[in-house]
Amino acid sequence: MLMMMLGAVQLGAAAACVVVLVPMGMAGWHLSRNKMLFFSGALFISLAICVHLTPYFPSVPDFVTSVSSAVVFDHRSSCINLVNEISWEVKPNASFHHFNNTQNSSSIADFYDKRWDWSDSYKLKACEFTKLSKSDASDLLNGSWVVIAGDSQARLFTLSLLNLILGPQSQRMDSVRADLFKRHSDYSVLVNETGMKLDFIWAPYVMNLTNLVMNFKTQKNCPDVMIMGAGLWHMLHFTNASDYDLHLHILKTQVVSFLPFSTELAMNEPVTGSVPIKSSHLFWLGMPVLINGMLNTEEKRAKMNDAMWHAYDKALGDSKLLRQTGGPLFLLDFQSLTWNCGPHCTSDGMHYDGAIYEAAVQIMLNTLLIESHQTL
């Protein structure tokens, strides 16, 4: 539609040039001695052209609206593709010298300060990504039902999200940490101030995620936001990328049949203010980079090697589960986050510093801002 309108404008402009300039040139040659007559003739011809060509032009408001909508859609879709582009600054902190000169049981990751932000490029600056405050995040998730399902990576993501919503120094966070990290258990919390309900579901295998989606489908109950991810447990205990690929395809089938909405971004105008999220938003927690030499058991080092990690990553891509490959779930790119932060951001080669999960939470929140057509 937009291209048709632009074509009409171009055609009209070309016609105007021919119809106006040629007669004006001829008239100018004959009437060069009478400027008043020349410009009167030019004005008459211009008005005549406007009257005859107006029906072929779209109205100005419609044209401006169409162009504006196209620009907004293109901006949003391009920013969605850039939201995972994070840069890191990792430097030794004041305690680093002490760590190097003493026997210390602390992890080396504790002796490095980590700072992150979106990469410094023109395109990313235009997207205006921002680190949401406690107030901003609470407004965005106001009244929402958030489900996070997966293994220990999902649990750490849950901790980071609650840390932002409740505040790291709040007394409530002490009980959250104790209850959330009970071995292989689920966890639920209601944030009374905002009405946000959060459920963490221990689901270390893709099959567990599929069963969870099927339960939601049976109950005809859909979370507002769902973040899921699994793979590390399957890699350790089954070490079979083909089987993992099969389970991912089954999960995708169930998710697609479960969704009551299209994953395509709507071309609505963005709105401002605190508007609760009304449609479902699905995210996939990617697997972190595994640093084999730092893994804490021989079994992990043998089974969770680089070749196996890449085979599992390829299975994820082949499954087309991710939005980036035409599927329903948007990837929170833990591979990129952990690779760019590096070995100084992990103590065991698998579980990373809190800054990684903080960045992932902010990526998720900025994606929600774009998808729900909101601005801060």
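User: What is the strand order in the open sheet of six strands?
Analyst: The order is S4-S5-S3-S6-S8-S9, with mixed pairing. Strands are DSSP runs of E, at least two residues, and helices are runs of H or I, at least four, numbered from the N terminus; two strands pair if DSSP finds at least two bridges between them. This is a predicted model: local features need pLDDT of at least 70, side-chain atom pairs count only at pLDDT 80 or more, and totals for chains, interfaces and linings use all residues. Residues are numbered from 1 along each chain as its sequence is written, and side-chain values use heavy atoms, leaving out hydrogens and water.

User: Which strands stand at the edges?
Analyst: S4 (187–191) and S9 (330–332); each has a single partner strand, so one side of each lacks a neighbour in the sheet.

User: How do S3 and S5 run?
Analyst: Parallel, with six bridges joining S3 (residues 145–150) to S5 (residues 196–202). Val147 stands opposite Asp199 in S5.

User: What is at the start of H7?
Analyst: A side-chain oxygen of Asp151 comes within 3.0 Å of the backbone nitrogen of Gln153.

User: And what follows H7?
Analyst: Gly167, with a positive phi near 100°.

Key
A polar contact is a pair of N or O atoms within 3.5 Å; within protein, one must be able to donate a hydrogen and the other to accept it, and residues adjacent in sequence count only if both atoms are side-chain atoms.
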